[in-house]
Amino acid sequence: MPLAVQALLPFLLLTGGAAAASLPALRRRGGAIAALAAAGAAGVALTLLLRLAPAERVDIPYLRAFPTVDLLIRVDALAVAFGLSLLVTACLLILARLLSDDDRRRPWSSWLLTTAAALGVIFAGSLVLVYALLRLCTLAWSGALDEAAPRGRGLRTAEQIADLGLLVAAALAAAGVGTTAFSGLPSDALGPGTFLLALLPVAVRIAALAAAAERPRTPVLFHPAIAQATLAGYLMLRLIAVAGGRPPGRELQILVFAAGLALAALVSIQAWRARSSGTARLRLAAAQAGIAIALCALGTSVAAVAGVWAWLGVVALTALASIRQTPGSLGALLTTAAQTILPPGFLFVGLWLGTVSLVQRQLEGALIPLWLAAGLAAAAALRHARWPAGEPRGLLSPAPVPLAAALLLLGGALPLAILPWLVIPAARILRGIPGGTLGWGLLGITAGPTAVPTLAAALAAGGALVLWLRLPMRRSFDTAWAGVHPSAPLLRFDLPDLARWRALPWARTAWLAYAALVVYAIVRQ
Amino acid sequence: MTTLAPVIAFVAGFLLAELREGWVRLAGLWAMIGATGAGLALTTSRPEEAAWAVGPMLASALLVSTPSPPLAFERLMLRTAVTIVLVFLGGYVARRLPFGDAPWAIVAMAWVLAAAGLAWLWLPRDRLEARRGAVLAIAGGSAALLALFPTGAGGAALAGLLAAAPLLGGRRPVAGASRAQSPPASAFLLAMALLLAGLALSGGAGVRTAPLGLALSLSPNALAGSSLLLVVAAFSMERAVAAAAVLAGGSLLLASPAPHWAGIAAAVAVLAGEAGAARLLWTGVFLLGLGPALSVLIGGPLGARWEAALLAPGWLLLLLPRQGRWGGPLLLAASTFVVWGDLHHLGAAGLARFQWLAAAGAVLILVIGTLPPDRARIPAVASSVRAVMSTGLILVGVSTAAPLGMLGAVLLVIDLGLVQASAPLGPPAGGPLASAALLARSGWPASAAFAGRVLVLLAAAGTSVALILSAILLYAGLQLAPALQPHQPARPGRAGLRDWLATGVSLTTGIAPAILLRMLQGG
């Protein structure tokens, strides 16, 4: 099958599935159709990934309907890896929702269209196209064709304004080099200021991820994983790839690293303070996104692998956190275990690779904040971990969650299963990875002279976790903490009274200023 | 010596017109117009230019009426003061600036004619006198341009005839109200628009000379502009709007400055309703005409500075006041294409000057437009926050002087002029069109508004810091605009043909704006 057709196939499956699921005759089977469509699209993405040669980048232009912006699909390992991750995640969420009896609504069409729009962002071949598809994605998840509709207006508006940063960056890049296509952008096309502007959509999506924890819980939240975590991760990595593997300028690297860790620490504290484990899990996903941002800023080959690993993990963990789970169920325990950044958590591999990267760059001092933030996140995860209780059947409901969480734990323990075919090819798009940089085997991975036995570490840490949860002192710890549980919000802003400002003669001042400017335009030589 | 007799006749006529009523005033007006026409013929050595006088004389005769109660003393004094100030301002500027070889006596007569017209327009005794003032203002302005840019008999006669345009707007009691237009007339206008669009796509025909020496500009840009104006007229189903569209669209196709400017002024005369808004519009129209005139009169870099500096505020004053449902968009579209054409005359320095004045104007629009009406100190500002900010973006887009910016501006004009105006009460509630209509009216991707905003920003980034900053400000404001105005529920009833057409136009141009770019650039 020609690549140009194969690249379009996931979109056709998703939009076709959305159309079918909205037909009155098929509405009852909408969930199954949606799951099939997402699974089919994931299958196509997988074959696409296996078909690509190492570090191969293919641009497929379809149409030039928009001046200076081709309708262009960019197929490379980074895009396909994130596309695959997105589609598998969407499939998991749809399955979890299908198995839930609590909600009678049928959101299948909207979900499939949101997935298609997010996939469009991932496969878009130019910055302007990414911007347009980000807007489409916002439209798809919010469903607010009428822009003034009050539902979800705050988040929608925030996303729209932040996405403007990306458009401005694209416009400045186009003014400088004449194109916004990824294939035509040199590594210095985005300066530090422009890069920061382009990061605005990432920042607002992570903030939205943290804020999602405050929303009323439905059995399955679809958007945090699909429209926020995936897109934030992909955009961050794509921008790093455009900038040549690291944020432009040493100061900006430090700023991004520090901002990521500060975000992780702040949200971890919020997760610690959360009253319910469901809220805490979503906040933890935002904290992990903060650590992933910090890893992306390090700018080495090992850090590129760490960044891709961490972001793919954040997407999967956000999806698990978006599914309502019975407190004390097996799924809840496994999800919490996977969310601990220390072993046996999935993100431990990324954290360790980030550590190696800092050591390689002789920045050992930066290890302290990195591990402090990671420790806070791990502590927050452990605080909400509960040993499963109840009947065995109840423990295993809903089934996809424990299975997916177990697979993630397995992936963290055996990086061999994920690294070579998914993470390394995607990381090669960010930065060249010389042979011998990384090695992997059944026991663990090696980066240069250092090695970590991930399997042994995961088993040992898993055993320690079980012991901690079964110890009687754990209960007394919980009781003690409950007594000092703070309820006041960490940050509080009061808007100033604007009445006095409104009373100023703005119109007259503006007219006078403009008239003065016209006179100056005539007088000035 | 050759101009002495016309000047004496003009002064006598001026005194009669200002001091008397009825038929005596008409005689005075005829003396003024006749003297100016004679002066034109004598000083430009082109007797055929006297054909200009026919239109204003006829229009003045048709506007004679029984005298209504005189103005209150204060208002009368104010009006006299306005006339004197305008006249002396012209004289002072003429003395201070290094005027070239221009026929000053003719320019002075034309200026006084226009000044008297403007004073009657701004402070009229009744509606009839306002229309009479409009006739004089258009006649005076076009006479001054004829003296500076001589054209053939055809151009002069047309410029004079266009001064009779205020007769067409006389039946409108208030702004926005107009007699309905028959569907076949709308279909005809639409067919003409398609024809012009086809010509634009085929590359146009450049500058051609029609019979009687009338110079026509059949560039793709002008053809596309005229086509858009006719589409607005067809959508409006209103006679006055159709007349204004034909006048403005026709003026875009004229290469000679005098009839070109007179066409725009005539369109304003047909559409201007409320007194406050009309004052702003007429000031804007005069500044648009004054720029090119001063560039020739003064000449050199100083003349170019005046031209660049007057173009931006002139256009701004045309964009700011709120007109009727269709009148505002029509003037917006017409002035956009007029200014786009004028930008080609500016040098690099003039363009830079225009750009920062345009950027400041966009910010002014933002400030004025978002103030509550009672604090805005403008008689009427555009109908919604979204319209205000889109107008600002249009200003920025055109001032980039890049095809991409102009394309963005045209898309925003289509959004305001066709899509938003065609369904002021919101999109239709039911039927298969409802979702598509909502999308077409929104700022989401695939709508003309979205494409226009993106293109303006892309174009502004390549131009200047002032333009990109104002574009970002306006674009961000547009994202916030839906939160600033009340939620508009869908209107009851099913979609009509106009809804279908507006939706189709918005989505087609939003998905494939390259078609429009080809139309603007020709082929």
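Ala447(A) stands opposite Thr450(A) in E5(A). This is a predicted model, where local features need pLDDT of at least 70 and side-chain atom pairs count only at pLDDT 80 or more, while totals for chains, interfaces and linings use all residues. Residues are numbered from 1 along each chain as its sequence is written, chains are lettered from A and ligands numbered from 1 in written order, and side-chain values use heavy atoms, leaving out hydrogens and water.

Q: How many bridges join E4(A) to E5(A)?
A: Strand E4 of chain A covers residues 445-447; strands here are DSSP runs of at least two residues, and helices are H or I runs of at least four, numbered from the N terminus. Two strands pair if DSSP finds at least two bridges between them. E4(A) and E5(A) run antiparallel, and the number of bridges is 3.

Q: Which residues meet in a salt bridge between chain A and chain B?
A: The rule wants a side-chain nitrogen of Lys or Arg within 4 Å of a carboxyl oxygen of Asp or Glu. Across this interface it finds 1 salt bridge. At 3.8 Å, N to O, the partners are Glu147(A) and Arg386(B).

Q: Which helix gives the most to the side of chain A that touches chain B?
A: Strand E1 (57-66) and helices H5 (127-142), H6 (153-177) and H22 (506-523) of chain A each supply at least two residues to that side. The top contributor gives 12 residues, and that's H22(A).
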